[in-house]
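User: Please take a close look at the interface between the two chains. I would like the contact itself, the charged pairing across it, and any pocket that matters to that picture.

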Amino acid sequence: MRGFQARGAAAVAELDDEERMVVARIVADVGLLLGGEQFGMADPGAQHARDADDEMDGIFAHLKGLEESLAEPDDPAVLRLLPSASRDDRDVADEFRRLTEGDLRDLKVARLRTMWEQLSEDGPEWEIDAAEAMPTAAALTDVRLVLASRLSLDTDEDADRLHGEIELATHALDTDADDDLGIDPERVWLGMLYQALTWLQESLVQYAMTAEDADE
Amino acid sequence: MTQEELEREGAVATRTADAWVTIVWNDPVNLMSYVTHVFQTYFGLSRHDAEARMREVHEHGRSVLSTGGREKMEVDVQAMHGYGLWATLQRSGE
């Protein structure tokens, strides 16, 4: 994986086939969670994508739990994507939800669909026009919010702890240590996906900020 | 920061009866660079001011980003939710 870098009037990142499929899959899952239709179902290439998916079952096994929990209507991840607009005034929160929730869902699903379509193209490059940099960064935020909810990252300390757990787990893997670290492998896998998306988003935001500075 | 302190801050921001505020809350997911850039592009703040607000959110848990009528605050909160930031609105004097 290579982070976003400027090329002409676009930002270009590189993801290998496996990385693209994993990211595309979680993007599609978040779209479903928001009530969007399954991405790519009307696409004649979808069968090919599903066949390829079957080969990836081992990798996607870790996403199963995520998909199951997403189906619940009172899923905390949905609440994180469509949060309450008031902490203590029910009327304000309800009124806001009534006025805005449909539009917010549509906006988020449309952005995720665009990202999914880009990731479903052939080749390692992921190219984003300068004008699409922030909408894409926002879509990456939504995916990261869902992963963070699944990983119970509620505070900055939780995020630091996850980072430590992943370091410990990857170090154990590198050194072939078979000590039982007491770390759930699914948590490590989702945590590494979360970190990779964080890193990709950071490179995209740096690109957007630099591009804007150059305009001024 | 307690609700009481928040309310006092809101009261200081403006004492107009129909004035509301948009508050952005800290979360462990959003990147400092991203929050800064959202504040710059949406609220039209300079890089310097946007960074100051981002630090306030990060270090104090929240920051008041805009003040105005309820409908305008609903628009601002909706925009923040669109970016994946957690924002709320409340009457400034409450």
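Analyst: What follows walks through the interface, then a pocket, then salt bridges. The model is a predicted one.

Start with the contact. Chain A puts 42 residues into it, and chain B puts in 30 residues. About 2,900 Å² is buried between chain A and chain B. Carbon and sulfur atoms give 60% of that area. On the chain A side, three residues lose the most area to chain B: R87(A), M134(A) and M209(A). Together they account for 21% of what that side buries.

Now the polar side of the contact. Eight residue pairs are in polar contact across the interface of chain A and chain B, with both residues at pLDDT 80 or more. The rule finds one salt bridge across this interface. R80(A) and D27(B) form a salt bridge through their side chains, at 3.2 Å from N to O.

Which elements of chain A build its side? Helix 5 of chain A supplies the largest share, 11 residues. By class, this side of chain A has 19 nonpolar, eight polar and 15 charged residues.

Next, the second largest pocket. Its volume is about 570 Å³. It is lined by 26 residues. Closest to the centre are R144(A), P28(B), V29(B), N30(B) and L31(B). The lining has 14 nonpolar, seven polar and five charged residues.

Last, the salt bridges beyond the interface. Over all chains, the structure holds 16 salt bridges. One of them joins E14(A) to R2(A), with the closest N and O atoms 3.3 Å apart. E14(A) sits in strand 2 (residues 10-14) of chain A and R2(A) in strand 1 (residues 2-7) of chain A, so this pair ties together parts 12 residues apart in sequence.

Note on methods:
Residues are numbered from 1 along each chain as its sequence is written. Chains are lettered from A and ligands numbered from 1 in the order in which they are written. This is a predicted model: local features need pLDDT of at least 70, side-chain atom pairs count only at pLDDT 80 or more; totals for chains, interfaces and linings use all residues. Side-chain values use heavy atoms; hydrogens and water are left out. Contact means heavy atoms within 4.5 Å. Buried area is the accessible area (1.4 Å probe) that two parts lose on being put together, summed over both. A salt bridge is a side-chain nitrogen of Lys or Arg within 4 Å of a carboxyl oxygen of Asp or Glu. A polar contact is a pair of N or O atoms within 3.5 Å; within protein, one must be able to donate a hydrogen and the other to accept it, and residues adjacent in sequence count only if both atoms are side-chain atoms. Helices (H or I, at least four residues) and strands (E, at least two) are DSSP runs, numbered from the N terminus. Ala, Val, Leu, Ile, Met, Phe, Trp, Tyr, Cys and Pro count as nonpolar, Asp, Glu, Lys and Arg as charged, and the others, Gly among them, as polar. On a 1 Å grid over the protein atoms alone, a cavity is a set of points where a 1.4 Å probe fits but cannot get out, and a pocket is an open set with protein on both sides within 12 Å along at least five of seven lines; lining residues have an atom within 4 Å of a point. Grid points are joined across faces, edges and corners, and a volume is the space filled by probe spheres set on the points.
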